[in-house]
Amino acid sequence: MTKGLRRGFGGLSMVRAIAAPAMFLALAAGSLALPATAGPKAVIELFTSQGCSSCPPADRLAGTLAQDADLVVLSLPVDYWDYLGWKDTLARPEFTDRQKAYSRVLGNTGVYTPQVIVNGREHVIGSDAQGISIAVKRQMNRYDGLPVPVSLASNGNKLTVVVGSEGTDGADLIAGGSATLWLVTFEPAREVPIGRGENSGRTITYTNVVRTIQPIGMWDGGHKTIELPRDEILKKGAGMACAVLLQRDLDGRPGPILGAAKM
């Protein structure tokens, strides 16, 4: 479903997804035929809504893509379809703000669901498996995917984030600007029965549902280590997981994602 000028756009993605079942299996098997590099190759942010009839195919695809170790897949439920009769139980206004900021950065005419943002650089219909695969490959060809090595490790009650590598200088990647390290907490899976609205009567499973996005530091292009209290960060619920995104700042808006790690 599309907000504003492109409402109903999501239906096209369902046709493409149905037409390319083999792509689902290829992505799940990690067979993107990309160069072998350490760490994830792409961050897939899915903007979705429980009140959007076009979103369930994208939500299912997110579950498939999340099995691929080369991808960091995150679901960010938005709230602007709540008026259709069902208030999204997982939505956060800050996720809507993030999607709108991407729209301005990428020059889109509006926001829509389901929408995927790949590496903070381009958008694809959220249920278009082939389109997402092509976008990931394009990111690898043009920008080496996620060029900055990032690691996230847990040791006792300590989370350790390491960005960059010793003796390297990545200042050119931020071109005199800045980049922020974001810590993302998420639920690996959440099943939601929907009582009203366009998906009334359906029970949908959401994958890697983001609960918080918080800055934990800045990056200037060099080697950086940050230690965080694990229990404090993950205290919001049993079974919570986390990821780290290194993302350029564009006048206060989200820019290209330069590195990522998940735990």
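Me: In the hairpin of strand 10 and strand 11, which residue takes a positive phi?
Reply: The model is a predicted one. Two residues lie between the strands of this hairpin. The positive phi, near 55°, belongs to aspartate 251.

Me: How many bridges join strand 10 to strand 11, and which residue is the bridge partner of valine 244?
Reply: Strand 11 covers residues 253–262 and runs antiparallel to strand 10. The two are joined by seven bridges. Within strand 11, the residue that partners valine 244 is alanine 261.

Me: Which residue in strand 10 stands opposite threonine 180?
Reply: Strand 7, residues 179–193, also pairs with strand 10. This pairing is antiparallel and extends over eight bridges. Opposite threonine 180 stands glutamine 247.

Me: Is strand 10 mostly covered or mostly uncovered, and how many of its residues are buried?
Reply: Strand 10 spans residues 241–250. A residue counts as buried when its relative accessible area is under 20%. Strand 10 is mostly covered, and of its 10 residues the number buried is eight.

Me: Which residues have the most contacts inside the largest nonpolar core?
Reply: This core has 23 residues.

Me: Leaving aside neighbours within four places in sequence, which residues is leucine 245 in contact with?
Reply: Contact here requires heavy atoms within 4.5 Å. With neighbours within four places in sequence left aside, leucine 245 is in contact with Val43, Leu74, Arg98, Thr180, Leu181, Trp182, Val184, Ile257, Gly259 and Ala260.

How values were computed
Residues numbered from 1 in each chain as written. Predicted model: local features only at pLDDT ≥ 70, side-chain atom pairs only at ≥ 80, totals over all residues. Heavy atoms only, no water. Buried < 20%, exposed > 50% of the residue type's maximum accessible area, 1.4 Å probe, protein only. Helix = DSSP H or I, 4+ residues; strand = E, 2+ residues; numbered from the N terminus. Pairing = 2+ DSSP bridges. Core = buried A, V, L, I, M, F, W, Y, C linked by side-chain atoms within 4.5 Å.
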